[in-house]
Amino acid sequence: MTRTTVDGNEATASVAYRLNEVCCIYPITPSSPMAELADAWSNQHRPNIYGTVPTVVEMQSEGGAAGALHGALQGGALATTFTSSQGLLLMIPNMYKIAGELTSAVIHVAARSIAAQGLSIFGDHQDVMAVRQTGVALLSSASVQEAHDLALIAQAATLRTRVPFVHFFDGFRTSHELNTIELLGDDDLRALVPQRLILAHRDRALSPERPGIRGTAQNPDTYFQARETVNPFYARVPDTVEQLLGELAERTGRSMHIVDYTGHPQAERVVVLMGSGAQTAAETVAALNSRGERVGVVHIRLYRPFPAQAVLTALPPTVRAIAVLDRTKEPGSQGEPLYLDVVATLAQAYSGGERSSLPLVCGGRYGLSSKEFTPGMVAGVFEELARERPRSRFTVGIDDDVSGTSIGYDAEFDIESPAVAHAVFFGMGSDGTVGANKNTIKILGGQDHMYAQGYFVYDSKKSGSQTVSHLRFGPQPIKAPYLVQRAGFVGCHHQRFLNTVDVLGRAAHGAALLLNSSRKPERVWDSLPGPVQQQIIDKRIRLYVVDADTIAREVGLAGRINIVLQTCFFAIAGVLPVDAAIAQIKDSVAKTYAAQGADVVAANSRRSIARWPDCSRLRCRAAPPPPANSNGRFPGRPGFRAHGDRGDDRRARRRLAGQRASGGRQLSQRHRGLREAQHLRPGRGVGSRHLHPVRKLCIRVPAQRHSHHVLSAGPAAGGSGVVPVGTAEYGRPARCPLHVAGLRRGLHRMQPVRGSLPGRGPRHPGHQGDQSGAARAAGCRGTREHRVLRNAAGGQPLHGRLRDGARHPVPAAAVRIPRRLRGLR
């Protein structure tokens with residue numbers, strides 16, 4: 001068999017495309033890559049196993065795709081579709097018809113959250129549980145390899161039983177995880193889907209040569225009886241799927257069952273679940289049993305029709321407590337679907353005399369919207385079952401401070417093999433980090449002696465937001481569908497992340513840190529925040545620095561730092577010889593950027609050549625002590641303390657305001673009053689000038705007495721020292737936010753009006769613009785006045801006129817509007 005490294009979407013689409021003649025598509029995250037791959041392969045005239053090129057039809061909605069699927073099936077074609085979440089819900093009417101007419105079909109689903117209190121593009125089982133009543137069979141995959149194999153099983157089973165199948169796997173966790181798998185060949189597909197089954201499917205098509213009628217209106221005298229006629233077809237499904245799994249195991253050596261048990265043969269505590277979480281549970285059970293515990297896990301692959309007898313057979317007779325974990329929520333129900341099915345199965349077996357005792361059964365929820373499900377959480381569930389009176393309903397992985405359903409777990413619990421290498425990369429959407437890491441995983445997974453896994457965390461914004469890549473590689477197949485907890489290599493592709501994210505929190509002792517920094521190597525250490533310096537020293541981390549941005553600019557690809565840092569990773573990690581790694585990188589670059597032209601391929605190749613000498617290893621010294629009277633907290637991360645230089649912080653903010661990914665220019669050095677800038681996407685300029693999209697301006701206001709203000713209640717008077725805007729009393733300098741409400745592009749341009757603000761020492765009306773040198777020296781230096789846009793929401797300037805007795809930190813004269821920008825929306 002051929003080994004390759006692909007994600008779950010491609011693994012599934014590879015089988016579905018080769019086994020079908022029609023693909024009715026409408027893309028929806030996270031199933032979109034399956035539809036896109038099928039469309040691309042059809043455009044490339046890639047044939048299926050029957051020697052024809054499948055027809056790919058994109059409809060105007062998921063409902064249209066389901067209707068086209070139904071029509072193609074009635075015409076005798078082998079047809080499929082791909083969907084998720086609300087897209088699957090829009091197919092429900094046609095799913096009832098397809099199942100009621102006993103029409104062979106497969107719908108491949110990257111299972112995803114349903115939009116409830118909020119929309120989420122991430123994975124759980126809410127969508128597939130919403131269609132379990134339609135009459136389709138539900139087959140669940142737990143890994144990329146299983147998604148590849150069970151796509152074939154679903155197609156073969158639907159043709160043998162005439163029951164339509166929904167083959168599903170966890171969205172993002174499986175659909176977007178890269179893993180090394182063994183591909184099924186065309187001969188494997190033909191062996192399980194013989195020609196006679198296809199001819200039988202065509203004979204059931206609507207055709208003038210074989211007149212028939214379907215879709216009639218039935219009255220009470222016939223509908224009920226006709227509805228019960230499908231029972232024998234569904235009864236045959238579990239045995240048929242089990243038989244097909246056995247045939248596949250004979251050809252591939254990969255053994256699977258509709259219900260698998262892993263664990264101690266005399267286990268007392270057992271967890272029941274399906275999906276990718278079953279792999280995490282199985283690995284955790286193996287670790288706990290090696291420590292003397294007696295636990296097990298039941299992994300369900302076929303959920304509908306529910307294999308009650310297989311579940312009873314899989315459960316050890318010694319079990320006394322069972323936790324059934326669902327990756328969904330049904331408000332108002334006595335329990336989630338899988339829990340109710342297991343309870344009904346055990347109760348029926350006990351009342352029928354098949355079991356002599358009835359174990360305690362608890363129901364739990366986990367992993368909604370791709371919430372992490374780690375070995376520590378699995379161990380926490382087993383600890384809950386060990387209690388004298390476990391909770392009957394619980395959640396794991398969250399802190400439920402409303403209903404109090406959460407159970408505790410050890411977040412530091414780790415079962416990773418020391419033979420597996422781990423790496424974590426912090427990047428930004430569209431900077432190429434994720435793409436380079438995907439190529440790295442494919443390079444490593446292509447080695448004969450190595451298996452690789454890659455998973456990429458990014459939010460719904462994707463472009464411009466933070467991305468975290470989790471890579472594993474080792475000599476054995478990797479079954480770890482959770483994030484890396486202890487990384488031997490950490491890549492920080494933007495230095496500012498060190499100020500906002502605990503980058504080294506996942507670093508193992510003795511790990512290597514690769515930092516992309518524009519500073520000279522001898523100045524990098526002093527620019528690091530104090531906690532980061534301390535972590536580097538405590539964990540004995542090796543620090544490497546490279547200026548990837550300069551290298552990218554030199555070859556004409558400013559901002560595309562991925563190939564430079566990828567080369568440095570191979571050189572530092574030592575997983576491949578540097579020359580061999582560079583050759584592999586060049587090959588991957590040629591494949592990745594071939595469609596963008598030879599110039600782009602050549603520029604990316606130059607980035608990977610001879611750049612390792614530009615990466616310097618730094619000697620680390622003791623971290624400086626924290627400054628006096630400072631809480632030193634990192635902005636944006638509560639509880640993570642920083643003891644950095646305030647000057648470095650200001651420089652970092654200025655660089656953030658002008659960074660390339662947001663599309664703005666570097667702000668002028670004269671704008672020292674800019675305290676914080678958060679970019680939106682670049683907007684239109686005024687004339688030929690590119691303007692800065694800024695949403696918030698904070699000005700440092702001096703604390704001296706002013707004729708219109710009474711400044712008091714400082715630290716000496718028992719006050720907090722920093723008080724919110726609009727409060728009557730101020731003691732220490734306050735940061736005063738000036739918001740541009742409703743304006744899409746925010747603050748476009750700032751110009752200094754005067755070198756000082758009113759309130760900087762004694763003032764007299766009429767002389768606010770004139771100040772002696774001594775008076776200026778008495779105030780806070782560096783505070784400037786700026787011109788800003790009007791308030792787009794109310795059509796008024798951002799300031800209000802200062803009246804006698806008004807108390808506002810920014811007087812009226814501090815903000816002015818350039819005339820030619822007034823009224824701009």
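Of the 825 residues in the chain, 53% are buried, a term that denotes under 20% relative accessible area, whereas exposed denotes over 50% and partly exposed the range in between (1.4 Å probe, protein chains only). The structure is a predicted model, in which local features need pLDDT of at least 70 and side-chain atom pairs count only at pLDDT 80 or more, while totals for chains, interfaces and linings use all residues. Residues are numbered from 1 along each chain as its sequence is written, and side-chain values use heavy atoms, with hydrogens and water left out.

The chain contains 26 helices and 26 strands, where helices (H or I, at least four residues) and strands (E, at least two) are DSSP runs numbered from the N terminus. Contact is taken as heavy atoms within 4.5 Å; among contacts between residues at least 6 apart in sequence, 75% join residues at least 24 apart. The chain exposes about 36,500 Å², of which carbon and sulfur atoms supply 49%, with accessible areas calculated by the Shrake-Rupley method with a 1.4 Å probe and, for residues, with only the protein chains shown counting as cover.

Helix α2 (residues 32-43) has twelve residues and reaches 17 Å from its first C-alpha to its last, close to the 16 Å expected at 1.5 Å a residue; the expected span is 1.5 Å times one less than the number of residues in a helix. Within α2, the residues Ser32, Met34, Ala35, Ala38, Trp41 and Ser42 are buried, and what covers the buried residues of α2 includes the helix α1 (8-19) together with the strands β2 (22-25), β3 (55-58), β4 (79-83), β5 (106-111) and β7 (165-170). After α2 comes His45, whose phi is positive, near 60°.

Strand β13 (residues 321-326) holds Asp326, which is buried yet has no salt bridge, the nearest side chain of opposite charge being that of Arg365, 8.2 Å away. A salt bridge here requires a side-chain nitrogen of Lys or Arg within 4 Å of a carboxyl oxygen of Asp or Glu, and in assigning charge Lys and Arg count as positive and Asp and Glu as negative, while His and the chain ends are not counted. Leaving aside neighbours within four places in sequence, Asp326 is in contact with Glu336, Pro337, Leu338, Tyr339, Gly364, Arg365 and Tyr366.

A search of the whole structure finds ten aromatic pairs, that is, rings of Phe, Tyr and Trp (its six-membered ring) with centres within 6.5 Å, counted as stacked when the planes are under 30 degrees apart, edge-to-face when over 60 and tilted for the rest. The rings of Tyr366 and Phe373 have centres 4.4 Å apart and planes at 40°, so this pair is tilted. Tyr366 is buried, with a relative accessible area of 1%, and Phe373 is also buried, with a value of 4%. The rings of Phe425 and Phe489, with centres 5.5 Å apart and planes at 40°, likewise form a tilted pair. This pair links distant parts of the chain, given that Phe425 is in strand β16 (residues 421-428) and Phe489 in strand β19 (residues 487-492), 64 residues apart. Phe425 is buried at a relative accessible area of 2%, and Phe489 counts as buried at 4% relative accessibility. Ring pairs link Phe425, Phe473, Phe489, Phe569 and Phe570 into a cluster.

Ser120 is found in the loop between β5 and α6 (126-129) and counts as buried at 13% relative accessibility. Not counting residues up to four places away in sequence, Ser120 touches Arg112, Ser113 and Ser369. The C-alpha atoms of Ser120 and Asp459 are separated by 9.8 Å, although these residues are 339 apart along the chain.
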